[in-house]
Amino acid sequence: MMRAGFGKWELTPPMGIELAGYGYYLKRCALSVRDPLYARAVLLEDEQGKSLVISCDLLGLSKKVCAEVFRHAEKYGVAEENVIIVSIHTHTGPGYTRTRRLAGSKGNLGNLEILRDFMTPDQEYIPAANISDNNPETMVGDEMLQFLVERIPQAVIEAWQNRAPGSFT
């Protein structure tokens, strides 16, 4: 028999956080919330195993965040290879890493930590520092990372707790 569960957990960070996308040089900071940001999880299980799909209202996801989510999913018996985690690629959500201008280049790279895997030795990766001039108390770098790895798994927990018999028709 198949069972399915859905979970949803808010990811909206505190006001003042630097917004991702279009380059940090724009110093765009969250001043209000039009629509909250969420992590949404669907957990499916049957006699053959468990699968998990997670969607996050973020620009992107770093390897560190994904690794923590995979680790958490394993606590519920969901193997890493059965987890799909995606981001909707919003340019008005939080950023938690940044890159600086490439050496000898007039362009900027995007702000995803995963870009580091594709960078050549002449490119410099710089983790987020306190990049918000509007609110020096806002979360940055490791604080934002911790915020995400604490909240995204909550959607998984909720999906686990909400499991009920189901079927595909």
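Which residue meets E68 in a salt bridge through its side chain? The partner is R71, with a distance of 2.8 Å from N to O. The model that shows this pair is a predicted one. E68 and R71 lie 3 residues apart in helix 1, so about one helical turn separates them. E68 is partly exposed, because its relative accessibility is 30% and thus falls between the cut-offs of 20% and 50%. R71 also counts as partly exposed, at 44% relative accessibility.

The overall layout can be set out next. The chain holds 2 helices and 7 strands. Read from the N terminus, the order of elements is β-β-β-α-β-β-β-α-β. The chain has 169 residues, and 43% of them are buried.

Strand 1 covers residues 2-10 and runs antiparallel to strand 2. The two are joined by 8 bridges. Within this pairing, R3 has E45 of strand 2 as its bridge partner. Strand 2 is also joined to strand 3, again in antiparallel fashion, by 8 bridges. Here V42 is partnered by V53 in strand 3. Strand 2 and strand 3 form a hairpin, with 2 residues between them. In a regular strand, side chains alternate between the two faces of the sheet.

Salt bridges in the chain number 5. One of them joins the side chains of R163 and E45, at 2.6 Å from N to O. This pair links distant parts of the chain, 118 residues apart. R163 sits in the loop between helix 2 (141-161) and strand 7 (164-166), whereas E45 belongs to strand 2 (residues 38-46). Another salt bridge joins D35 to R34. Its closest N and O atoms are 3.9 Å apart. Both D35 and R34 are exposed.

The largest nonpolar core has 32 residues. Those with the most contacts inside it are L52, I54, C56, I85 and I152. Strand 2, strand 3, helix 1, strand 4 (83-87) and helix 2 each supply at least two residues of this core. Helix 2 provides the largest share, 10 residues. Beyond its neighbours within four places in sequence, C56 is in contact with L11, Y38, A39, L61, I85, V86, S87, I88 and I152. Two of these, I85 and I152, are also named among the core residues with the most contacts.

D57 is found in the loop between strand 3 (49-56) and helix 1 (63-74). Is D57 buried or exposed? D57 is buried, because its relative accessible area is 7%, under the 20% cut-off. Its side chain has polar partners. It reaches the backbone nitrogen of Y38 at 2.9 Å. The D57 side chain also makes a polar contact with the side chain of R40, at 3.1 Å. Leaving aside neighbours within four places in sequence, the residues in contact with D57 are L11, P36, L37, Y38, R40, I88 and T90.

One backbone angle deserves mention. Most residues other than glycine have a negative phi. H89 has a phi near 65°, a positive value in a residue other than glycine. H89 lies in the loop between strand 4 and strand 5 (98-99). At 44% relative accessibility, H89 counts as partly exposed.

Key: Residues are numbered from 1 along each chain as its sequence is written. This is a predicted model: local features need pLDDT of at least 70, side-chain atom pairs count only at pLDDT 80 or more; totals for chains, interfaces and linings use all residues. Side-chain values use heavy atoms; hydrogens and water are left out. Helices (H or I, at least four residues) and strands (E, at least two) are DSSP runs, numbered from the N terminus. Buried means under 20% relative accessible area, exposed over 50%, partly exposed in between (1.4 Å probe, protein chains only). A polar contact is a pair of N or O atoms within 3.5 Å; within protein, one must be able to donate a hydrogen and the other to accept it, and residues adjacent in sequence count only if both atoms are side-chain atoms. Contact means heavy atoms within 4.5 Å. A salt bridge is a side-chain nitrogen of Lys or Arg within 4 Å of a carboxyl oxygen of Asp or Glu. Two strands pair if DSSP finds at least two bridges between them. A nonpolar core is a set of buried Ala, Val, Leu, Ile, Met, Phe, Trp, Tyr and Cys residues joined through side-chain atoms within 4.5 Å.
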